[in-house]
Protein chains: 2
Amino acid sequence: MSNRIRGVLAPVVTPFDEQGKVDLRRFVEHCRWLVANGVGLAFLGTNSEANSLSLAERLLMMEAVFSTDLDTAAMMPGTGACDLPTAVTLTKTATQAGCAGVLTLPPFYYKAVTEEGLYRFYAELIEQVGEESLRLYLYHIPPVAQVEISIPLVERLLKAYPNQIAGIKDSSGNWSHTQALLKQFQNENFDIFPGSESFLLKGLRNGAVGCISATANVNPAAIRNLYQHWHSDRAEDLQAGLDAIRTTFERYPMIPAMKAVIAHWLKDPQWSAVRPPFITLSNSEQRALFARLNELSFNLAGH
Amino acid sequence: MSNRIRGVLAPVVTPFDEQGKVDLRRFVEHCRWLVANGVGLAFLGTNSEANSLSLAERLLMMEAVFSTDLDTAAMMPGTGACDLPTAVTLTKTATQAGCAGVLTLPPFYYKAVTEEGLYRFYAELIEQVGEESLRLYLYHIPPVAQVEISIPLVERLLKAYPNQIAGIKDSSGNWSHTQALLKQFQNENFDIFPGSESFLLKGLRNGAVGCISATANVNPAAIRNLYQHWHSDRAEDLQAGLDAIRTTFERYPMIPAMKAVIAHWLKDPQWSAVRPPFITLSNSEQRALFARLNELSFNLAGH
């Protein structure tokens with residue numbers, strides 16, 4: 001049995017202060033609340049607006065969270081970048097701090113690149129980081145990155161770096177792709193996290209090790225609850241409850257919607273700030289979202 | 001009449017040394033050869049692998065070229081990034097060095113973002129740079145960035161920042177889009193550069209001010225020649241000559257192909273190095289490319 005990270009992880013949303021700078025205090029508070037609700041910290045991910053942050057800002061956030069008493073064994077920060085030097089710096093910093101793993105995008109500027117080119121990107125990253133303890137999770141999110149991590153690429157990387165290539169987050173949104181990954185790799189010491197709790201029960205039944213999902217930022221305890229009780233009679237009901245919340249958020253741009261809900265619950269309007277190219281939800285969008293969540297008896301317990 | 005930059009610009013390819021680091025000596029030499037052949041320097045662009053370079057590397061390249069006697073009035077470096085702080089740093093550095101302009105991608109990680117979000121990105125960039133002398137050229141390259149700069153967005157930015165928003169490079173590859181831009185904006189103190197010399201003659205006849213094109217890295221004098229003689233009887237022939245070279249390069253991944261040709265002509269194999277996700281051309285691809293260029297009597301005169 002591997003002692004690798006598993007369970008539910010949140011791609012922690014990134015708060016900004018009145019000057020538009022990363023708000024480290026609010027960030028660490030939100031991390032603490034998430035951990036208290038049983039989920040791990042996949043901070044600096046897509047839903048963290050990580051690619052809207054400079055390298056210096058990302059390093060400051062790592063430093064802020066690593067200097068708390070929060071356990072790095074529950075952390076899988078995003079460390080991808082279009083350029084290798086930046087990806088190396090972030091990956092090395094996270095690994096040396098003891099993070100359970102890193103979640104790493106392929107280089108996403110150039111499109112229609114070769115499998116060989118992507119292989120070399122990841123291979124050079126692993127070689128340049130040069131840490132035996134590195135556990136790299138491939139980040140497959142073709143709807144956003146527009147660059148695929150194909151199954152043959154996974155195979156090749158896993159063969160070359162069986163200790164470092166630890167798994168994948170599959171945010172293809174395509175269950176048949178997740179299923180193909182599970183079928184081929186679940187017994188290869190390669191861990192598969194669907195990129196949404198919509199696939200949590202189905203995923204766990206087919207060998208997934210948890211999920212890494214945007215809405216774990218706002219609904220952590222309930223998602224964690226299904227993860228813990230997926231063998232129980234209530235599992236289908238728990239999944240249906242998660243789906244109702246998830247689909248409510250999916251009616252809006254996910255990041256501004258989650259931040260609006262956190263701002264609302266904390267009575268802290270500053271939490272709704274996003275960086276361009278995102279914009280905050282309009283007042284009418286917010287009202288409609290909060291009303292629907294009320295109908296679902298949803299709240300951010302104890303935040 | 002505006003005294004803005006016009007003519008042919010090359011998105012200068014970036015050489016790497018044996019250790020994979022940016023080779024500043026080879027870079028400056030190539031810049032000098034390009035300028036001697038009559039083209040301006042749109043370094044740090046797509047064909048420069050700029051998004052495969054860290055911020056620190058991009059700043060080193062700016063410093064290297066700004067510290068030569070090359071005229072910044074012929075320079076339009078790329079300063080785009082997914083994150084505002086990086087785009088601000090690059091744009092400010094180039095503007096304060098006296099560059100004729102900067103060529104700035106929209107934030108390209110998140111897809112299907114709103115016009116308002118993109119407007120705010122550019123508006124905040126201009127405000128945060130805070131330089132009256134900034135001349136920002138929007139970089140429209142949807143086949144790669146997968147983010148559109150729509151005509152209504154151009155209109156809005158131009159209205160808000162008539163001095164700073166100076167023009168656009170249109171690498172849509174779609175002549176009807178370039179034509180729509182020319183029709184609407186050519187008398188609005190807004191300069192349009194097609195993103196390929198394939199549209200140079202057609203562009204100049206319809207009000208474009210030049211072009212910014214990959215192959216200007218290897219075929220600068222001939223492209224410049226058409227720019228200077230587009231009123232002449234020979235213009236169609238000159239365009240046909242450019243097209244024959246361009247389509248030869250287009251059979252291969254453009255960046256590795258151009259670097260292979262430079263390496264071949266300079267008898268300097270190190271020039272063919274690229275960063276992942278690119279890979280160098282295979283030997284057989286190189287042989288076929290060189291043979292075809294020979295048939296076309298193509299050479300890199302005086303490099």
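1. A handy definition to start: two residues are in contact if their C-beta atoms, placed from the backbone, lie within 7 Å. Helices (H or I, at least four residues) and strands (E, at least two) are DSSP runs, numbered from the N terminus.

2. Please keep in mind that this is a predicted model, in which local features need pLDDT of at least 70, side-chain atom pairs count only at pLDDT 80 or more, and totals for chains, interfaces and linings use all residues. Residues are numbered from 1 along each chain as its sequence is written, while chains are lettered from A and ligands numbered from 1 in the order in which they are written.

3. The model's ipTM is 0.97 and its pTM is 0.97.

4. Now to helix α6 (residues 151–160) of chain B, whose buried residues are B:Val154, B:Leu157 and B:Leu158. Seen down the axis of α6(B), they fall within an arc of 100 degrees (taken from the directions from the helix axis to the C-beta atoms), so they line one face of the helix. B:Pro152 and B:Lys159 are exposed on the other side. Here a buried residue has 20 or more other C-beta atoms within 10 Å of its own, an exposed one 12 or fewer, and a partly exposed one a count in between; C-beta atoms are placed from the backbone.

5. What do the buried residues of α6(B) pack against? Their partners are α4 (115–129), β4 (136–140), β5 (165–170) and α7 (175–185) of chain B.

6. Finally, the contact between the chains takes 31 residues from chain A and 31 residues from chain B. On the side of chain A that touches chain B, the largest share, six residues, comes from α4(A).
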